[in-house]
Amino acid sequence: MSAQPVHHGDGGPPPLPRAQNAVAAAVPPANRMGFYRGMGEADETELLGVLRRWWLRVRLHADPLPDGIRTDIEAGTAPGQSADVTLRQAAADRETSTSERCPRSR
């Protein structure tokens with residue numbers, strides 16, 4: 001089975017570029033100052049993370065999720081685990097499988 005392409009007419013939210021001006025325009029007016037404050041206070045190592053979080057927040061609000069699920073996701077209480085935890089576990093699993101396949105000679 002192959003992955004199906006995502007088309008603009010599939011009922012999902014329209015595409016949103018991950019650019020500061022595009023995200024700022026999509027942020028609700030009541031939250032826009034928070035977006036600009038976060039971008040302005042971020043240093044070079046945090047800037048992309050701030051932009052990504054706001055981009056995800058805009059995409060989340062554009063998707064027709066029930067309010068309870070949206071609230072749980074934003075609060076970090078939704079079922080599942082964060083991407084950070086998943087990526088750390090995957091890296092640890094790769095390390096373990098590599099060391100089992102190629103034991104070091106003693």
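Trainee: Leaving aside its neighbours within four places in sequence, what is Ala22 in contact with?
Mentor: Once the neighbours within four places in sequence are set aside, Ala22 is in contact with Leu16 and Pro17. Please bear in mind that this is a predicted model.

Trainee: Where is the place of Ala22?
Mentor: Ala22 has its place in helix α1.

Trainee: And how exposed is Ala22?
Mentor: Ala22 is partly exposed, because its relative accessible area is 21% and the limit for buried is under 20%.

Trainee: How far is Ala22 from Trp55?
Mentor: Their C-alpha atoms are separated by 9.0 Å, although Ala22 and Trp55 are 33 residues apart along the chain.

Trainee: Let me step back. How many helices and strands does the protein chain have?
Mentor: The protein chain has 5 helices and 0 strands. From the N terminus on, its elements run α-α-α-α-α.

Trainee: What share of the residues counts as buried?
Mentor: Of the 106 residues of the protein chain, 15% count as buried.

Trainee: And what about contacts between residues 24 or more positions apart?
Mentor: Among contacts in the protein chain with a separation of 6 or more, residues 24 or more positions apart account for 40%.

Trainee: Now to helix α3. How many residues does it have, and how far does it reach?
Mentor: Helix α3 covers residues 47–62, which is 16 residues. From its first C-alpha to its last it reaches 23 Å, close to the 22 Å expected at 1.5 Å a residue.

Trainee: Which residues of α3 are buried?
Mentor: The buried residues in α3 are Gly49, Val50, Leu51, Trp54, Trp55, Val58 and Leu60.

Trainee: What covers them?
Mentor: The cover over the buried residues of α3 includes α1 (20–26), α2 (32–41) and α4 (67–75).

Trainee: Is Leu48 buried or exposed?
Mentor: Leu48, which lies in helix α3, is exposed, because its relative accessible area is 60% and exposed means over 50%. Leu48 and Gln20 are 28 residues apart in sequence and 9.7 Å apart in space, C-alpha to C-alpha.

Trainee: How do the axes of α2 and α3 cross?
Mentor: The axes of α2 and α3 come within 9 Å and cross at roughly 160°. That makes α2 roughly antiparallel to α3. The crossing in which α2 passes α3 is right-handed.

Trainee: Which residues make that contact?
Mentor: From α2 the contact has Gly34, Phe35, Gly38 and Met39, and from α3 it has Leu47, Val50, Leu51 and Trp54. These residues divide into 6 nonpolar, 2 polar and no charged.

Trainee: What about α3 and α4, how do their axes run?
Mentor: The axes of α3 and α4 come within 11 Å and cross at roughly 170°. The two helices are therefore roughly antiparallel to each other.

Trainee: Which residues meet there?
Mentor: In α3 they are Arg57, Leu60 and His61, and in α4 they are Arg70, Ile73 and Glu74. The residues of this contact divide into 2 nonpolar, 1 polar and 3 charged.

Trainee: One last point. How exposed is Arg57?
Mentor: Arg57, found in helix α3, counts as partly exposed at 35% relative accessibility. Arg57 and Ile73 are 16 residues apart in sequence, and their C-alpha atoms are 9.9 Å apart in space.

How values were computed:
Residues are numbered from 1 along each chain as its sequence is written. This is a predicted model: local features need pLDDT of at least 70, side-chain atom pairs count only at pLDDT 80 or more; totals for chains, interfaces and linings use all residues. Side-chain values use heavy atoms; hydrogens and water are left out. Helices (H or I, at least four residues) and strands (E, at least two) are DSSP runs, numbered from the N terminus. The expected span of a helix is 1.5 Å times one less than its number of residues. Buried means under 20% relative accessible area, exposed over 50%, partly exposed in between (1.4 Å probe, protein chains only). Contact means heavy atoms within 4.5 Å. Axes are lines fitted to C-alpha atoms, for helices over the stretch in contact, and angles run from 0 to 180 degrees between N-to-C directions. Angles under 35 degrees count as roughly parallel, over 145 as roughly antiparallel, 65 to 115 as roughly perpendicular and the rest as oblique. A crossing is left-handed if the near helix is turned anticlockwise from the far one by less than a right angle, and right-handed if clockwise. Ala, Val, Leu, Ile, Met, Phe, Trp, Tyr, Cys and Pro count as nonpolar, Asp, Glu, Lys and Arg as charged, and the others, Gly among them, as polar.
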